Amino acid sequence: MATSPFQPTGEPRDIAAHLMDQALGHLFSAALRTAAQYRIADLLSEGPRTPEQLAAATDTHPPHLRRVLRYLAARGIFHEDAAGAFTLTPAARALRTDAPDSLHPAVMMITDDLFLRTSAGMAETVRHGGASFERLFGTPFFDHLMSDPATRDLFDGGMASLSGPVDDAVVAAYPFPEHGTVVDIGGGRGGLLRAALRRHPELTGVLFDQAPPLAHHLLDGDDLKGRWRTQEGDFFASVPEGGDVYVLKHVLHDWPDEACRRILRNCHRAMAKGSRLLVIDCVLPPGNAPHFGKTLDVAMMAVLDGQERSAEEFSTLLSAGGFRLTRVLPTAAFPSIVEAVAE
C-alpha cells in the first residue's frame, strides 16, 4: 500500500516535493489540455485502451502520451490498470464531448493561451492593481471579446459548458414561484432560464444579454414554446422591467464594487418593491478551508478586475443598490444563491 504524502496532521511529509509540485501546477493545466485536445476521453468511452492504441488513433507519440496520461491518472483524471491500459474516471467522463454536461469546452477555454498569459502576469497585477488582461492585451476583456469572434465563441461555449451542472443545482435548490416571469440578466445562452422553465411549467422568462450569446441561445424546444423571449441590451444602461424574479448568475463577480452598484441600481429601477433578486456566485467562507471560490477569486482578479465575495460583502453591496439580503442558500455545485428583495 502506498504511503500517504501527508502526515496525520495534514502537513506534507516532504515539504520540498509538495512545494515544487504546486509550483509546477502549470504542467497539470498543459497535460489536461493535451488530453482534451486529443479527445482521449472520447476514445476511452468504449472501454480500456493502451497508450499505443490511443496514440494510433490520435497520431501522437505513444511513450510521451503514456507519461502524460500517467501524470493525469495520479490526480484522478483517468486510471491506469495493472495491464497498462487506461480507463475513464468520473472526472474523465466529464471530458467526453458527448457527455450531457460535458466540461470539454470549459477546459479548452480555461487552458487557452489567452488565460495562461494572463495568469503569468499576476505579479504585476498585485503590484499595480487592475487586471492583468488589460495590461497585456491593451483592452478590457469584454471589449476584446467583442472585437475577436473566435475568442468570443471560445468564451461563450466554455461558459455554457461550465454552467450546465450549476444550472440544474440552482434550480433544484431554489423555490422559484410556480407563476410569474424570471428575468435572467447577462444570462449568456440561457441554460439557467431553460432549467427553471422546464422545472416550473407555468413560468415565463426573459433572457437578457448581448447579441453574440443570444444568437446561440438554448431555449428552442416544444416544451418551452411561447414562454420566453430574448432581449439584447447592456445591463450598465438598463434591464427589462416587469419581472418577478431577477437573476444575476456569474455577473457580479466579473466586476469591482462600483460597477456592481451600477448593475444593481438598474435592476432596482426595473423591479417592483418586494420583487426578488438572485445573485448566483461563490460565497467565500472564512478561514483557511479550501474552496473553489478562492481559486476563482484570483482568476477574476487577473482577467477582469472582478472578485468573489463573502456574505458580509454581498450584504453591503446589495444594500448600496437598494436591496436587502434575505438569505444565502447553498447548492450542490460550487456557487451559492444570494437572495435579496427590492426595498
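Guide: Axes here are lines fitted to C-alpha atoms, for helices over the stretch in contact, with angles from 0 to 180 degrees between N-to-C directions. Helices (H or I, at least four residues) and strands (E, at least two) are DSSP runs numbered from the N terminus. The model is predicted, so local features need pLDDT of at least 70 and side-chain atom pairs 80 or more, while totals for chains, interfaces and linings use all residues. Numbering starts from 1 along each chain as its sequence is written, and side-chain values use heavy atoms, without hydrogens and water.

Visitor: Which strands does α12 lie across?

Guide: Look at residues 149–173, the span of α12. Helix α12 runs at about 145° to β6 (245–249). Counting contact as heavy atoms within 4.5 Å, the strands it lies across are β6, β7, β8 and β9.

Visitor: And which strands does α13 touch?

Guide: Helix α13, residues 191–199, packs on the sheet too. Its direction makes about 180° with that of β4 (203–209). The strands touched are β3, β4, β5 and β6.

Visitor: Are α12 and α13 roughly parallel or oblique to each other?

Guide: Their axes come within 9 Å and cross at roughly 40°. Under 35 degrees is roughly parallel, over 145 roughly antiparallel, 65 to 115 roughly perpendicular, and the rest oblique. That is why α12 and α13 count as oblique.

Visitor: Which residues of α13 meet α12?

Guide: From α12 come Asp-167, Asp-168, Val-170, Val-171 and Ala-172. By class, the α12–α13 contact has six nonpolar, one polar and three charged residues (Ala, Val, Leu, Ile, Met, Phe, Trp, Tyr, Cys and Pro are nonpolar, Asp, Glu, Lys and Arg charged, the others, Gly among them, polar). On the α13 side sit Gly-191, Leu-192, Ala-195, Ala-196 and Arg-199.
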